[in-house]
Amino acid sequence: MHICYIIAMEAEAKPFIQRFGVKEVEKYFAPLPCRLFQHNDIAPNSTLSIVTLGRQHERDLLGCEAASVATLAAIERLKPDLIINSGTCGAWERKGAKIGKVYIADGVMFHDRRVPGDDDWGTQGLGNYPVWEKSIEIASKLNLDMGRVTTGSSLDLQPCDEVIIEREGGELKDMEGAAVAFVCSLLNVPILLIKSVTDLCDDTAPTLESFLNNLEKASENLSEANANLLELLLN
Ligand code: ADE
C-alpha cells in the first residue's frame, strides 16, 4: 500500500517526519515548491510519502491553491492508494472542541465560495466531497470523534462564512482540506482527513495568537494519532 500524506506546514509535519525517520527526496517536485519525504520500507510492500506544500515569500505556503498543486503533483507522480490530509484546524468549543483534540473527517466542504443567484453553482462551490468510506470505522477503532471539515482561504472567520458553516454543519475549520479532497474527487483517489485543534472559533482570543501558541501541542497530538492510524492501516 502506498499512503501519501498532504501536510501544509513544516511545523505540522515535523514531529511525524521525525518519529518515522522519513527522509527528504531533494527537489523531487522541482520547480514546484512542494517537498517530498519518503520511507520506502515502512511495512512489507508499503511506502509512506509525506508531501508538504513548501515555501514562498519566506513563509510556509498555506491554503487551497498550494494544497491543490501539491495534491495533483503527488497523485500524478506517486500514484498513492490513499491520500491523508493531516493538519491543524479551528473548531468550536460549544460543539465539543478542545485545544489539541484530534478528529477524523466525516465530510469536507468549502465555506467561502458564494455564487448569489445561482443555486447550482452555489452547491458546486461548496463541494461536499466524499471522504474514504473506511473513515468511520477508523475513527471508531482509534477512539477519535468525527467532524465535518470546512475549508476557506482565510484564517479569520467572517460573518458571511459563519452563516454557511452553520447552515452546512461545518465543525473543523481549515485552509486546505476541501482543496485536497477536490483533487482526490477528480482523480478517484480515496481521502481521509485527520485534524487537530489549535484555536477555538467561539473564543475571544485572537486566532493567530492561539494558533501559534498551540501549534506545537496540536502537531504532537496529530503525530501520535497518525502513528496509531498507520499501525491500523499497515498491519
Ligand atoms: N488552521 C488552524 N486554525 C485555523 C482556523 N481558525 N481557520 C483556518 N485554518 C486554521
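Helix α7 gives the largest share of the lining of the largest pocket: four residues. Keep in mind that this is a predicted model. The pocket's volume is about 520 Å³. In total, 28 residues line this pocket, and those closest to its centre are Leu62, Leu155, Met175, Leu208 and Phe211. Besides α7, the elements that give two or more residues are β6, β7, β10 and β11. What classes of residue make up the lining of the largest pocket? It has 13 nonpolar, ten charged and five polar residues.

On to the second largest pocket. Here we have about 210 Å³ of space. Its lining includes Arg113, Arg114, Pro116, Ile164 and Arg167. Helix α3 has the largest share, with four residues. By class, count five charged, four nonpolar and three polar residues.

Let's stay with α3, which runs over residues 119-126. Which of its residues are buried? They are Gly122, Gly125 and Leu126. These residues sit on the same side of α3, because they cover an arc of only 95° around the axis. Why does that happen in a helix? An α-helix has 3.6 residues a turn, so residues three or four places apart point the same way. Now turn to the other side of α3. There, Asp120, Trp121, Thr123 and Gln124 are exposed. And the buried residues of α3? They pack against β8 and α5.

Next, the cores. The largest nonpolar core has 43 residues, and the members that touch the most others are Ile6, Phe29, Val51, Leu53, Ile83 and Val108. Helix α2 gives the most to this core, with eight residues. A second, separate core has 28 residues, among them Phe16, Ile50, Ile84 and Leu222.

Take a closer look at Val108. Setting aside neighbours within four places in sequence, Val108 is in contact with residues including Tyr129, Val131, Val149, Ala181 and Leu193.

How many cavities of 30 Å³ or more does a search of the whole structure find? One. The largest cavity has a volume of about 30 Å³. Ala8, Glu12, Glu176 and Lys195 are among the residues that line this cavity. Strand β7 gives the most to the lining, with four residues. The classes here are four polar, three charged and one nonpolar.

That's my tour. Over to you.

How values were computed:
Residues are numbered from 1 along each chain as its sequence is written. This is a predicted model: local features need pLDDT of at least 70, side-chain atom pairs count only at pLDDT 80 or more; totals for chains, interfaces and linings use all residues. Side-chain values use heavy atoms; hydrogens and water are left out. On a 1 Å grid over the protein atoms alone, a cavity is a set of points where a 1.4 Å probe fits but cannot get out, and a pocket is an open set with protein on both sides within 12 Å along at least five of seven lines; lining residues have an atom within 4 Å of a point. Grid points are joined across faces, edges and corners, and a volume is the space filled by probe spheres set on the points. Ala, Val, Leu, Ile, Met, Phe, Trp, Tyr, Cys and Pro count as nonpolar, Asp, Glu, Lys and Arg as charged, and the others, Gly among them, as polar. A nonpolar core is a set of buried Ala, Val, Leu, Ile, Met, Phe, Trp, Tyr and Cys residues joined through side-chain atoms within 4.5 Å. Buried means under 20% relative accessible area, exposed over 50%, partly exposed in between (1.4 Å probe, protein chains only). Contact means heavy atoms within 4.5 Å. The arc is that of the directions from the helix axis to the C-beta atoms.
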